Amino acid sequence: MSIWWSLHLRRDAASVPLARRLLMGTMETAGVDPDVSYDLSVALSEACANAVEHGGAATSEASDGFRVTAYLDGELCRIEVADTGPGFTASGGRAAVAVRPAPDYAEHGRGLCLIQELADHVHFVNRPGKGGAVVSFDKILKWRKDAPLMAV
């Protein structure tokens, strides 16, 4: 079984729950275990919230959006969130993302840590040649016993 979808969303807070609901609906329909679906939906929400907050250049109207792509392929789900913002701080041509826990009193700064905790495999990179950041993460899927689209 293979399902994929891609959305181009506005950099607006309302885009975050839209992407999350679409992912949850897809996984529920396919028969993915609810705990796995929840973990992925929280990780997606964090990645989308970062794209909304940090993902656009202040001088360009063309950077008003970001892209979310989800792939459910066999036993794996991969999600990518790409924006057109300044990207991650570059060091030697590669993204240098220092993911460390935020202090307990911090109101921001937990998103990348949450994504790493909830997913099995995570990449934080800059978009080559176009500018912006790409957050991609994978998780091995578990299926409900009554899953209509369970991978064989």
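Q: Before we start, what should I know about the numbering and the limits used here?
A: Residues are numbered from 1 along each chain as its sequence is written. Because this is a predicted model, local features need pLDDT of at least 70 and side-chain atom pairs count only at pLDDT 80 or more, while totals for chains, interfaces and linings use all residues; side-chain values use heavy atoms, leaving out hydrogens and water.

Q: Why is strand β7 described as largely enclosed?
A: Start with the terms. Strands (E, at least two residues) and helices (H or I, at least four) are DSSP runs, numbered from the N terminus. Buried means under 20% relative accessible area, exposed over 50%, and partly exposed in between, with a 1.4 Å probe and protein chains only. Here, seven of the eight residues of β7 (residues 133-140) are buried, so the rest of the structure largely encloses this strand.

Q: Which strands pair with β7?
A: Two strands pair if DSSP finds at least two bridges between them. Strand β3 (residues 76-82) runs antiparallel to β7, joined by seven bridges; one of the pairs is C77 with K139. Strand β6 (residues 121-126) is also antiparallel to β7, over six bridges, and V125 is partnered with V134.

Q: Is E80 buried or exposed, and how far away is the nearest side chain of opposite charge?
A: For charge, Lys and Arg count as positive and Asp and Glu as negative, with His and the chain ends not counted. A salt bridge needs a side-chain nitrogen of Lys or Arg within 4 Å of a carboxyl oxygen of Asp or Glu. E80, in strand β3, is buried without a salt bridge, and the nearest side chain of opposite charge, R67, is 4.1 Å away. E80 does touch R67, as well as other residues including Y71 and V135.

Q: Which elements do the buried residues of helix α3 pack against?
A: List the buried residues, then look for their contacts. In α3 (111-118), G111, L112, C113, I115 and L118 are buried, and the buried residues pack against α2, β6 and β7.

Notes. Contact = heavy atoms within 4.5 Å. Lists of a residue's contacts leave out its neighbours within four places in sequence.
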